[in-house]
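Thanks, everyone; I would like to take a few minutes to walk through one model with you. Please have a look at the sequence and the structure as they come up.

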Amino acid sequence: MIKIHTMASFHYQYQRPQPVAVPKREESKDKPLTFHEILNQKIEEKNMKLT
């Protein structure tokens with residue numbers, strides 16, 4: 001079946017629909033870090049740079 005937008009001539013005011021890309025899911029089995037865990041990591045990194 002041919003869709004009409006592929007047959008119609010192009011006009012700059014009527015853009016052809018663009019295909020929607022499906023976002024890929026991240027295959028992480030680890031649970032996401034909490035805000036406090038990330039904050040603690042950043043503080044430790046900063047302390048390591050200072051010493």
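**Helix H2 and its surface**

Let me begin with Phe35, which lies in helix H2, and please keep in mind throughout that this is a predicted model. Is Phe35 buried or exposed? Its relative accessibility is 60%, and because the cut-off for exposed is over 50%, Phe35 counts as exposed. Together with Leu39 and Ile43, Phe35 forms a nonpolar patch on the surface, and the three residues have about 300 Å² of accessible area together.

Turning to the helix itself, H2 runs over residues 35-50, which is 16 residues, and it reaches 23 Å from its first C-alpha to its last, close to the 22 Å expected at 1.5 Å a residue. H2 is hardly covered, with a buried count of 0 among its 16 residues.

As for the protein chain, it has 2 helices and 0 strands, and of its 51 residues 0% count as buried. The chain exposes about 6100 Å², of which carbon and sulfur atoms supply 59%.

Key: Residues are numbered from 1 along each chain as its sequence is written. This is a predicted model: local features need pLDDT of at least 70, side-chain atom pairs count only at pLDDT 80 or more; totals for chains, interfaces and linings use all residues. Side-chain values use heavy atoms; hydrogens and water are left out. Helices (H or I, at least four residues) and strands (E, at least two) are DSSP runs, numbered from the N terminus. The expected span of a helix is 1.5 Å times one less than its number of residues. Buried means under 20% relative accessible area, exposed over 50%, partly exposed in between (1.4 Å probe, protein chains only). Accessible areas come from the Shrake-Rupley method with a 1.4 Å probe; for residues, only the protein chains shown count as cover. Patches are made of residues with over 30% relative accessible area and no salt bridge: like charges are joined within 9 Å, nonpolar side chains (Val, Leu, Ile, Met, Phe, Trp, Tyr) within 5 Å. A salt bridge is a side-chain nitrogen of Lys or Arg within 4 Å of a carboxyl oxygen of Asp or Glu.
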